[in-house]
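Have a go at each task before you read its solution.

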Amino acid sequence: MEKRRNFIKKVAIGSVGLTFGGTVFGFSAKSYKNIIGANDRVRVATIGVNGRGNSMSGTIARQKNAEVTCVCDVDERAIPKAIKTVMDAKQVNTPQSEKDCRKVLEDKSIDAIYIATPDHWHSPLTIMGCQAGKHVYVEKPLSHNPREGEIAIAAARKYNRVVQMGAQRRSAPVLSQGIDQLHKGIIGRVYLAKAWYTNNRKETFLKPGPVPTWLDYDLWQGPAPRVPYQDGLIHYNWHWFWNWGTGEALNNGTHEVDVARWGLGVDYPTRVTSVGGRYQFKDDWQTPDTQVITMDYPGRISLMWENRSSNGRKIEGQERGVIFYGENGSLDTGGDEYKVYDLSGKLVNEVKSLMKEEGIDGRNTASPSLGLDSLHVIDFLDAIRNNRRPNCDVELGHKSCVAMQLGNISWRLGRDLKIDPKNGHILGDKDGQKLWGREYHTGWQPKI
């Protein structure tokens with residue numbers, strides 16, 4: 001915590017053979033131990049630059065010690081938009097463009113990659129990036145399934161790469177103070193965290209159609225088993241289909257559950273259960289629009305996440321948030337702020353965000369908070385320069401993702417899961433264990 005506080009103060013004032021996509025990266029960690037001097041810029045390639053990736057390309061370009069040297073996307077329409085965003089951020093040099101991320105990784109001048117692709121690409125590209133000697137900033141969720149997350153950790157450690165998951169609240173200065181207060185006993189022993197997400201998403205129908213001329217659909221699918229192209233899937237609704245997405249649980253729930261797990265001070269659960277369904281509409285969604293996931297952790301601690309994707313009534317006046325319950329009161333937060341209440345519900349302390357010019361828009365898919373984005377990118381760059389682990393290191397991100405992935409597995413099976421609290425693995429359920437990993441398109445299987 002002392003290192004974190006010091007960082008916040010500064011901001012405020014041999015090889016393994018992992019194979020993906022027919023490309024074998026067998027570089028040694030030593031040969032890619034780049035030394036970045038204090039006056040050198042970190043050269044970053046942004047991959048997946050529709051929406052979120054477009055916004056973050058500008059955020060990275062605005063950092064004085066970073067430069068976006070390449071933008072990459074399988075949708076050729078997205079590339080000029082991202083280049084414009086970078087140049088609007090007052091970057092001097094114009095980024096190069098590329099459609100195939102594998103070619104980006106071959107460029108030895110690139111120090112780091114930023115990943116905002118669909119979920120099924122997150123871990124494979126993270127692993128490929130580490131193999132190629134790149135540091136990685138990957139948006140949540142870290143992985144499409146738990147096994148991928150484990151391999152991503154192994155790759156980051158083997159190659160001594162900085163891997164930051166995009167859980168921006170880990171770099172939020174006021175929230176960090178609130179979590180520190182929780183750990184110091186501000187509300188006594190904390191035994192329950194409740195997290196939630198709400199939205200007004202509409203119905204989704206897919207229909208057969210020709211692949212657009214602007215899209216490399218085969219590369220978009222990448223590691224995923226092949227499915228014929230359908231209109232309405234790209235660029236957002238893939239979230240609601242298991243072949244590529246992870247549902248609202250990991251699309252948005254990862255953020256709140258990461259904060260909840262951080263505040264509770266827990267790693268892996270002992271039991272997970274989930275109920276819900278696609279209740280609002282009868283359409284093509286495969287994942288739930290209404291879902292509750294509950295997790296029991298060692299030490300008489302529980303975590304609950306509630307989702308209503310298609311009914312936007314707020315909870316506690318917020319679209320999304322977390323409440324911690326303890327022996328002497330409660331603490332709640334929605335972004336970079338927190339409130340403390342006593343056992344009767346009386347407000348006893350409120351600490352507001354320092355970023356007065358930037359509100360939190362929990363339903364903005366491009367950037368819920370530009371301020372928090374910047375702080376998290378700054379932490380990533382600082383971790384690279386100082387050869388340390390970032391605020392949301394790959395292992396922290398994995399533990400939060402596994403919690404929600406187990407919730408999805410419980411929901412798909414329709415039963416509770418017993419979990420090994422040492423590593424998050426499912427105990428005594430063969431069907432559940434089959435969902436720990438996934439099938440891959442030929443040539444894209446991870447190997448370690």
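The exercises below use a predicted model and look at strands, then at rings.

**Exercise 1.** Find which strands pair with E13, and in which sense.

Solution. Start with E12, residues 271–277: E12 and E13 pair in the antiparallel sense over seven bridges. One of the contacts to look for joins Gly277 to its bridge partner Thr290 in E13. Next, go to E14, residues 301–308, which pairs with E13 in the antiparallel sense over eight bridges. Here Ile293 has Trp305 in E14 as its bridge partner. Three residues lie between the strands in the hairpin of E13 and E14, and Gly299 takes a positive phi near 90° there.

**Exercise 2.** Sort the residues of E13 by covered and uncovered face.

Solution. Begin with a general idea: side chains in a regular strand alternate between the two faces of the sheet. Now walk along residues 290–297. Gln291, Ile293, Met295 and Tyr297 make up the covered face. Thr290, Val292, Thr294 and Asp296 make up the uncovered one.

**Exercise 3.** Classify the aromatic pair of Tyr217 and Tyr229 from the angle between the planes.

Solution. Tyr217 belongs to helix H8, while Tyr229 is in the loop between H8 and strand E11, 12 residues apart. Both Tyr217 and Tyr229 are buried.

**Exercise 4.** Find the ring that Arg77 lies over.

Solution. Arg77 lies over the face of Trp214, 3.5 Å from the ring centre.

Definitions and conventions:
Residues numbered from 1 in each chain as written. Predicted model: local features only at pLDDT ≥ 70, side-chain atom pairs only at ≥ 80, totals over all residues. Heavy atoms only, no water. Buried < 20%, exposed > 50% of the residue type's maximum accessible area, 1.4 Å probe, protein only. Helix = DSSP H or I, 4+ residues; strand = E, 2+ residues; numbered from the N terminus. Pairing = 2+ DSSP bridges. Phe/Tyr/Trp six-rings, centres within 6.5 Å; stacked < 30°, edge-to-face > 60°. Lys NZ or Arg CZ within 6 Å of the ring centre and 35° of its normal.
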